[in-house]
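Trainee: I have a model open and want to learn how to read its features. Can we go through it together?

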Amino acid sequence: MVKLQLPNPGLEDRIPSHTELEVLEKEEADSRPKWDNKAQYMLTCVGFCVGLGNVWRFPYLCQSHGGGAFMIPFLILLILEGIPLLHLEFAIGQRLRKGSVGVWSSIHPTLKGVGIAAMCVSFLVSLYYNTIIAWVMWYFFNSFQEPLPWSTCPLTNNRTDYIEECAKSSPVDYFWYRETLNTSTSIEDSGTIQWWLLLCLTCAWGILYVCTIRGIETTGKAVYITSTLPYLVLTIFLIRGLTLKGSVNGIVFLFTPNVTELANPVTWLDAGAQVFYSFSLAFGGLISFSSYNPVHNNCEKDAVIISVINGFTSIYAATVIYSIIGFRATERYDDCFDKNILTLMNAFDLPEGNVTQDNFEQMQQLCNMTDPVTFASLNFETCDLKSLLSEGVEGTGLAFIVFTEAITKMPISPLWSILFFIMLFCLGLSSMFGNIEGVLVPLQDLKIVPPKWPKELITGITCAGSYLIAFIFVLRSGNYWLALFDSFAGSIPLLIIAFCEMFSVVYIYGIDRFNKDIEFMIGHKPNIFWQVTWRVISPLIMLVIFLFYFVVKVNEELLYSVWNPKYEEFPKPQKIGYPGWVYAIIVIIAGVPSLIIPAFAIYKAIRNCCQKRSDHTGLISSISETSVNGNLKNSA
Amino acid sequence: MLGVLLLAFSVVSVASAELCKPDAQNAFKVRLSIKTALGDNAYAWDANEEYLFKAMMAFAMRRYSSKSTTQISNVLLCNVTDRVSFWFVVTDSSKNTTTVPGSEVEAAIRMNRNRINSAFLLSDKTLQFLKISTTLSPPVEPSTPVWLIVFGVVLSLIVAGIVFLVVSGIRKHKKKNKESTERENLEEKGEVTITIENGIPCETLDLKAGHVNGVFAADDERFTSL
């Protein structure tokens, strides 16, 4: 076993000792907020981990990387990468009882940059994540009518025909790109603020503020609904989906294994990235949440339970989504086939019902023999169920285009639409709680805000500030900005932060000390599995994923897809390159959080070197308390 | 006499055959998809249905031109197929040998399309007049868009929530401040009776807010070993 341990003087002084923790626990003198019960804590963590990615990223990955065979890399990496990292974050938060900045600066003052980086990433992610929630709310507001507004194309001004952009693409595409986003044709063409999206954004930030106004006191109550409702809706959709024609085709297609995909390294890379991002690691939120736990909470069991729930939810959501996609693909296939049948029937005046899907080919041949001239002039469309099923869509395209189209074909569509968007809203909001926690707690730890200010005010200012910055995402080019932030703000910096976390805990804090801490907290030393994964396997996996990601991202030509009605191949999205100044922004978004870590370390090192004053860290807060008139004047 | 009648009949039928044939001038092709529209309740297309069709066309012509001269016999059907599709023309009521211009027939059908559709329990898609394009029905738009109403409801709930939480937070804060200042005031006046033991008030001991001085040796070391 690697026994490398970097020198770390003064560590004992920065962290509470075991006896102090025991005292805090017994006397309940902790001034930190606390969970009302274990269920709140579990639901909050589950809500943070289970997010929109489980619904719209995992099914796509599963289907495009060999279906059932994808489970193998996914589960392996879940066990080797997800669970160890999760356990590490829970344990370190519970032990050091501080938010992410506090934890890392306790371990070593130069590591404060890790916490600050996590705060920056949480902030950038919460900016665009809440905009997605605003889009979900827009669709939710529009679901209270029959027929749904995205089921038919609107008419032109003189009512003679459908609007051209809509007729060429589809009603759902038109509703998403034109009536919701009103998207421009490039990221440089900013356009004006779309007022309807601004109203929805206001709602989204308002609801977030209401739920996080007093920290976990209020979010703890909100998660009872936001974490449980998605499972209820998924079950309802599963039952509904299984009764629709063609849903089983979708599920079978999703899980049909294609073992050759396992040889493709991209499959493993995507699986690793999905496990990592799905667990919302390195945001700092999980460390904060577990710091509110009692000292002897069994964090090992929690980590395993939450990982299992997260994995199960991904698979469950994939099943539901693909049952509905199977239904949609079958409907489209039937429509396509019916059109062909109609063409044949109308040309040859055959009675209705004579030509069905089963005897279509025979009838085609018959007609060809009777009248080859007419037959040759007919235009038949190719209908392929497999290609319709593998129209793999992910992300916003899945939720707002594919799924909404499927909903319009179901009976009582407004009901299903409302349920679906409530589910997406709850999934997104519960993840936002963790993001905001990852922003607010470091702000308090860094002492940027005066401690006298009430929590409501700090939360209000943070939400208001983020709301104002998020105006970029409701411009006409907002969709492109969001895609930019999604690709760069939340990908590479997180990998770096997670790697630094593991390295710090194992080698700077000391794995021996960490083992003793866990033994103190939960009663037994972590077994060989945890030792191996923490020391070697998980950091290695993180490093490999980071290197691959970095190399791929740096080498690939940066193109982004735009919706351009004047494009020749419309309605296919057009791929164009970013203008020069956007590259600078990308470097800032991805680079600043990543570079804060070494920058802060260097800054601290220089300060330590330059200051030749004696070390003041010898002063420990006194344990004996003076009491005047019954008031404890020096509370720890 | 019989011969003359036969001759006249054949002339008429020849004439009508000439007037009504596929792609004739002013002739329209009609296509019905009864099974698609009605499924199990589909009726069979027979001579009675054809009669109804002729009657509806005559009705449409009468309503359109408002001269009540068009008769059922003026509507000629031909080339009925199993699909169910056929061609028809409307002959001029005054002279049996010419057909009414296609534009007039088209206008008449457009005006009465709804009535014609409902007579056959079909719709624009299932009762097709192939040369007459369907007019698209304008969507029903309520005065206030529905989404604004829902948005208004949600926003008012949010504002109510914020106001309630902020106000209750301020009240709690004020109560806490008032309590602590009251206690301080009372203590200054010496009116608060706090049972004191060893200089430490019993209340704080009960609240367990006191700290154990870890410097003092633990229990089992109290007695020096012999």
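**Reading a binding site and a sheet**

Mentor: Start with A:Gly47, which is in contact (heavy atoms within 4.5 Å) with A:Ser227, A:Leu427, A:Ser430 and A:Ser431, leaving aside its neighbours within four places in sequence. This is a predicted model: local features need pLDDT of at least 70, side-chain atom pairs count only at pLDDT 80 or more, and totals for chains, interfaces and linings use all residues. Residues are numbered from 1 along each chain as its sequence is written, chains are lettered from A and ligands numbered from 1 in the order in which they are written, and side-chain values use heavy atoms, with hydrogens and water left out.

Trainee: Is A:Gly47 buried or exposed?

Mentor: A:Gly47 has 3% relative accessibility, so it counts as buried. It is found in helix α3 (residues 38–49) of chain A. Helices (H or I, at least four residues) and strands (E, at least two) are DSSP runs, numbered from the N terminus.

Trainee: Where does UniProt place the feature "binding site"?

Mentor: The unreviewed entry puts it at A:Gly47, A:Val50, A:Asn54, A:Ser278, A:Asn310, A:Leu427 and A:Ser431. They span 385 residues in sequence, but no two of their C-alpha atoms are more than 12.8 Å apart, so they gather at one spot. Be careful: UniProt annotations may be inferred rather than shown by experiment.

Trainee: What does A:Ser431 touch?

Mentor: Beyond residues up to four places away in sequence, its contacts include A:Gly47, A:Phe48 and A:Tyr129. A:Ser431 lies in helix α22 (residues 413–445) of chain A. At 5% relative accessibility, A:Ser431 is buried. A polar atom of its side chain lies 3.5 Å from the backbone oxygen of A:Phe48.

Trainee: Which side chain makes a polar contact with the side chain of A:Arg57?

Mentor: A polar contact is a pair of N or O atoms within 3.5 Å; within protein, one must be able to donate a hydrogen and the other to accept it, and residues adjacent in sequence count only if both atoms are side-chain atoms. For A:Arg57 the partner is A:Glu394, at 2.6 Å. A:Arg57 is partly exposed, at 27%.

Trainee: In what order do the strands of the chain B sheet run?

Mentor: Two strands pair if DSSP finds at least two bridges between them. Here four strands form an open antiparallel sheet, β2-β3-β1-β4. The edge strands are β2 (75–78) and β4 (127–129) of chain B.

Methods:
Buried < 20%, exposed > 50% of the residue type's maximum accessible area, 1.4 Å probe, protein only.
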